[in-house]
Amino acid sequence: MHNSLGRTFFLLLLLHSLVVTLVSAQGSNKTTLWPTLSGNPPLVIARGGFSGLFPDSSSIAYALALQVSVPDVLLWCDVKLTKDGAGICVPDIRLENATNIAEVHRNKNKVYLFNGVPTRGWFPVDFTLNELANVSLTQGVYSRTNKFDGNSLQILTVQDLAKTTKPQPGIWLNIQYDAFFKQHNLSMRSFVLSVSRSVVVGYISSPEVGFLRSITTRLNPRTTKLVFRFLGQDKLEPSTNQTYGYLLKNLTFIKTFASGILVPKAYIWPVDASLYLQPHTSVVADAHKAGLEVFASDFANDVPFSFNYSYDPVSESLSFIDNADFSVDGMLTDFPITPSQARDCFAHLGKNASAQAKPLVISKCGASGDYPGCTDLAFMQAIADGVDVLDCPVQLSKDGTPFCLSSINLIDSTLVAQSSFTSLLTSIPKIKTGSGIFTFSLTWSQIQTLTAAIANPYNNYRMFRNPKFRKAGKFLKLSEFLAMSKNASSLTGVLISIEHAAYLAEEQRLSVTDAVIDALSKAGYDNQTSLKVMIQSSDSSVLMKIKDQKNYERVYKVDKNIRNALDSTVKNIETFADSVVVSKMSVFPERQAFLTGATDTVSKLQSFKLPVYVETFSNEFVSQAWDFFSDANMEINSFVMGANVDGVITDFPKTAARYKRNRCLGLGNGTPSYMTSVQPGQLMQIISQAYMPTAEAPYPVLTIADVAEPPLPSVSARAPTFRPVGGSSSIVMSSKWDDLMSWINKLL
């Protein structure tokens, strides 16, 4: 027991350095009159603390919730009674779903009836508080990390929670299964009335009418508010034997014993079977008319929610508190940092709010998180989202037409594999392993007949992007892209990326660099100053070829993860590039999705006056390290405020563009904790040794050999060769090793 308490105290100290919490930060959105029942800002209720990361109802989950949330955050405790009448905070009536009790008390599971169904498990009524002393809380949601299960996190009583965290304005107690406890001669009513005399209980919720009615006259409503919790609309409420859907139609009855209602978020914003939003209901308006506060539940950053939110949990929160018709009075969430940001930093911003942060927002194939990349729809959406720099990865068709497409392999972004062009499937090891159907095998008119396909980089996790529009949009020639960009007054620049230039020149007799320079010139980009032109490549020879184009910013893309760069390497990069693109891992390396620290990559490049842009930022939580709390805004903020990057490259530009305008930036020492950079590597320190991720070799340092390339070959006059799939090899593998080594030696 002593060791366990010592370990917990140590973990709480570590949490203080996990996020730099500033005592002066009291929120930033105080002046707006909210359309809540009281006119006050909506509450943030942390279900089991920060249960989206740490084991539900653990001391560190509650401590983190207090550190990274709005000052008036409420801590939610699901109360269960032990055999000796102690009130403990555990999220499930079956203890094995949130603890290691099955290991500690192996043969003490029993069977009880719940709603007429025999249910086997380990139940709190069979154990005294002392018998639970060696039972530890664990992560009960299997999609979340279990790395903190080895920290011997003790089950807390309600009194423990109050003493350890001292929350203000109080704790939220949720009460369920009153009849079950009565069957075991335990009185939840007596416990609640007793504990409320010594603990500040701000709210008590229950899905049981009978329980709330039994205590309504015994508590001071100015101190403790009672909230009726709605479950599924078709479920029966045990006291009245009516469905919750029926009770929702009789809010005047609810008002006789409660001051508010807690409803699943789908009661307010329903979704259809395809996870698209339907029109909001009148639940909030009806409840407010009846004098009832409305709290919405089921907010979690790491579960599927409506595609309308583009995997951005802040967008979801804002739809409940910042719309033209209503605001809920509070949100029950596993990730309290997100509604805290939504409430204080993003709500009521308005479309014309000025940028508060410097980084360029650069699109990745347009808004390719919402529409098939590099289509007219993706580009138009990115412009509407407020992107600063619109990008076009240039590919060449068989007849030399430059156009925008994410990959030289048509299979990656079209349905060409389902077309009549499957006979063109080839294998070209110089470009990629495996086979493909490549852009230079089809004419532009043939490419125009192809159906676009949205990218789904996380389909292994069953996370798909905007399926309703997964085949929408048409592809644009580079000239059409440039014309569209010129007409978009909100843009500050365009980024043209060029890859595989040497192969195209040597093997396909196509010059992509000449095609790009010619298109830019014809579109008038070489003699205008309103739009910055950025040309990006991972091939230094491409950037060397355009060095005479003085008005263009040359962007070198480092195509592997690095931890630093030699001074000599950066000096060499300066000869052909004006800025650099690196991966997220090159800034904050990870190990099994935990940040291990920060590299010197950004500071080294910036010390040579080279701006650093980082890619790729996506909204799907599986693309982010655990340290960012499954919140894309927190990830962007940590790179911008913590690593000081000059730009973010993203397939969801709306999220990054809105981030730049949030009112919690630029506050100096007044920056609230929920808009402060995470401390890379601190979260990993909380993991016990037994659960520590396996060590990995550090990323390499960038050398001259990594960046040097021989000059681009001239366009070859000989016929291109390729390897048909299933046929014999006919590619002539002309080695450039001698040329490359000669080029490096000259540089050295």
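A: Buried means under 20% relative accessible area, exposed over 50%, and partly exposed in between, with a 1.4 Å probe and protein chains only. The model is predicted, so local features need pLDDT of at least 70 and side-chain atom pairs pLDDT 80 or more, while totals for chains, interfaces and linings use all residues. Residues are numbered from 1 along each chain as its sequence is written, and side-chain values use heavy atoms, without hydrogens or water.

Start with the second largest pocket (an open set of 1 Å grid points with protein on both sides within 12 Å along at least five of seven lines). Its volume is about 910 Å³. The lining counts 32 residues (those with an atom within 4 Å of a point). Nearest the centre lie Ser 315, Lys 351, Asp 385, Lys 654 and Arg 658. By class, the lining holds 12 nonpolar, 12 polar and 8 charged residues. Here Asp, Glu, Lys and Arg are charged; Ala, Val, Leu, Ile, Met, Phe, Trp, Tyr, Cys and Pro are nonpolar; the others, Gly among them, are polar.

Three helices each give at least two residues to this lining: α11 (313-321), α13 (376-385) and α22 (653-661). Helices are DSSP runs of H or I with at least four residues, and strands are E runs of at least two.

Take α13 next. Asp 376, Ala 378, Phe 379, Ala 382, Ile 383 and Asp 385 are buried in α13. Asp 385 is also among the residues nearest the pocket centre. The cover over the buried residues of α13 includes β14 (360-363), β15, β16, α15 and α22.

Two loops deserve a look. Ser 310 sits between β12 (293-299) and α11. Its phi is positive, about 50°, although Ser 310 is not a glycine. Ser 310 is buried, with a relative accessible area of 16%. Arg 462 lies in the loop between α14 (444-447) and α15. Arg 462 also has a positive phi, near 60°, and is not a glycine. At 64% relative accessibility, Arg 462 counts as exposed.

Now the wider span. In an unreviewed UniProt entry, the feature "domain: GP-PDE" is placed at residues 42-343 and 359-660; such annotations may be inferred rather than shown by experiment. In residues 359-660, the end C-alpha atoms lie 8 Å apart. That span is 27% helix and 19% strand.

Within β23 (residues 579-583) comes Ser 583. Ser 583 counts as buried, at 16% relative accessibility. Beyond four places in sequence, Ser 583 is in contact (heavy atoms within 4.5 Å) with Asn 561, Val 614 and Glu 615. Glu 615 is joined to Thr 616 by a cis peptide bond, with omega about -10°. Thr 616 belongs to β26 (residues 612-617). Ser 583 and Leu 495 are 88 residues apart in sequence, and their C-alpha atoms are 17 Å apart.

The other annotated stretch holds a further helix. In α4 (residues 158-165), Val 158, Leu 161, Ala 162 and Thr 165 are buried. Seen down the α4 axis, they fall within an arc of 95°, so they line one face. Among the elements covering them are α2 (59-68), β2 (74-81), β3 (87-89), β6 (171-175) and α6 (188-195).

Finish at β10 (residues 242-243), where Gln 242 lies. Gln 242 is partly exposed, at 31% relative accessibility. Apart from neighbours within four places, Gln 242 is in contact with Lys 235, Leu 236, Glu 237 and Leu 247. Gln 242 and Ser 541 are 299 residues apart along the chain, with 74 Å between their C-alpha atoms.

Technical notes
1 Å grid on protein atoms, 1.4 Å probe; cavity = no way out; pocket = protein on both sides within 12 Å on 5 of 7 lines; lining within 4 Å. Points joined across faces, edges and corners; volume = space filled by probe spheres on them. Arc of directions from axis to C-beta.
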